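Welcome! Take a moment to turn the model around on your screen before reading on. Then use the points below as a guided tour.

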Amino acid sequence: METNRWSVERDKKGFIHVRLNQKTGNFKTKAEAIDMARKMAKGNRTILRIHSDKSGYDVVDYTSIQTSNEIFDKTLSDVKLARAELTVAKVEKQKRKVELKAAHETERYIAKRKYELAKERLKKSKMNLRNALKNNKRALKTIQD
């Protein structure tokens with residue numbers, strides 16, 4: 001009695017296929033073949049096509065998967081942007097504070113509102129920086145594991 005053998009193949013377009021292949025199949029089970037094909041597709045950032053016993057296939061797209069190093073680099077740039085935003089928010093708050101002190105009675109309401117908005121922006125910037133640092137720490141931990 002012949003058992004089903006599965007093979008993992010790459011076509012001319014670079015797509016990876018998992019097919020039923022009785023003669024030259026390297027894998028005894030479809031699950032083993034799919035596992036190996038997923039690893040290959042992720043590593044090569046390509047499309048995986050899993051053919052069924054009959055006709056047709058399922059498509060899994062691994063072209064947009066990021067590596068852990070790329071994720072870390074992205075979080076690092078997010079931290080840098082958050083720090084820059086915090087610096088700008090601090091400068092703006094200080095500027096609005098000076099404007100508020102120098103404002104005449106008629107401009108006081110507008111200057112006070114601008115100062116309150118600058119304080120809110122600073123608060124949001126601090127929260128964004130804190131979150132960016134947390135994400136960066138998680139990404140670093142992922143790389144080290």
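Which kind of bond do the side chains of Glu99 and Arg96 meet in? They meet in a salt bridge, with N and O 3.0 Å apart. Keep in mind that this is a predicted model.

**The chain as a whole**

- The chain has 3 helices and 4 strands, and from the N terminus on they follow the order β-β-α-β-β-α-α.
- The radius of gyration is 28 Å, well over the 15 Å that the globule rule gives for 145 residues, so the chain is more spread out than a compact globule.
- If you draw a box around the C-alpha atoms along the principal axes, its sides come to roughly 95 × 35 × 25 Å.
- Of the 145 residues in the chain, 27% are buried.
- The chain exposes about 11,000 Å², and carbon and sulfur atoms supply 52% of that area.
- Take the contacts between residues at least 6 apart in sequence: 42% of them join residues at least 24 apart.

**The sheet and the helix that packs on it**

- The 4 strands make an open sheet in the order 1-2-3-4, and their pairing is mixed.
- Strand 1 (6-10) and strand 4 are the edge strands, since each pairs on one side only.
- From one strand to the next, the twist averages 20°.
- Helix 1 (residues 30-44) packs on this sheet, where it touches strand 1, strand 2 (16-20) and strand 3. The direction of helix 1 makes about 170° with that of strand 2.

**A closer look at strands 3 and 4**

- Strand 3 (residues 47-51) and strand 4 (residues 57-61) pair in the antiparallel sense, over 5 bridges.
- You can trace this pairing residue by residue: Leu48 has Val60 in strand 4 as its bridge partner, while Ile50 has Asp58.

**Phe72, a buried residue in helix 2**

- Phe72 lies in helix 2 (residues 68-102).
- Is Phe72 buried or exposed? Phe72 is buried, because its relative accessible area is 17%, and buried means under 20%.
- Leaving aside residues up to four places away in sequence, Phe72 touches Asn136, Ala139, Leu140 and Ile143.
- Phe72 and Ile143 are 71 residues apart along the chain, yet their C-alpha atoms are separated by 7.8 Å.

**Salt bridges**

- Side chains of opposite charge can pair when their charged atoms come close.
- How many salt bridges does a search of the whole structure find? The search finds 8.
- One of them joins the side chains of Asp78 and Lys74, at 3.3 Å from N to O. Asp78 and Lys74 are 4 residues apart in helix 2, so about one helical turn separates them.
- Both of these residues are partly exposed: Asp78 has a relative accessible area of 30%, and Lys74 has one of 44%.
- Now return to Glu99 and Arg96, the pair we began with. They are 3 residues apart in helix 2, so they too are separated by about one helical turn.
- Arg121 forms a salt bridge with Glu92, and their closest N and O atoms are 2.3 Å apart. This pair links distant parts of the chain, with Arg121 in helix 3 (residues 108-144) and Glu92 in helix 2, 29 residues apart.
- Arg121 is partly exposed, with a relative accessible area of 30%.
- Which residues are linked in a network of salt bridges? They are Glu85, Glu92, Arg96, Glu99 and Arg121.

Methods:
Residues numbered from 1 in each chain as written. Predicted model: local features only at pLDDT ≥ 70, side-chain atom pairs only at ≥ 80, totals over all residues. Heavy atoms only, no water. Pairing = 2+ DSSP bridges. Helix = DSSP H or I, 4+ residues; strand = E, 2+ residues; numbered from the N terminus. Buried < 20%, exposed > 50% of the residue type's maximum accessible area, 1.4 Å probe, protein only. Contact = heavy atoms within 4.5 Å. Axes fitted to C-alpha atoms, helices over the stretch in contact; angles between N-to-C directions. Salt bridge = Lys/Arg side-chain N within 4 Å of Asp/Glu carboxyl O. Rg over C-alpha atoms; globule rule 2.2 N^0.38 Å. Areas by Shrake-Rupley, 256 points an atom, 1.4 Å probe, with all protein chains shown as cover.
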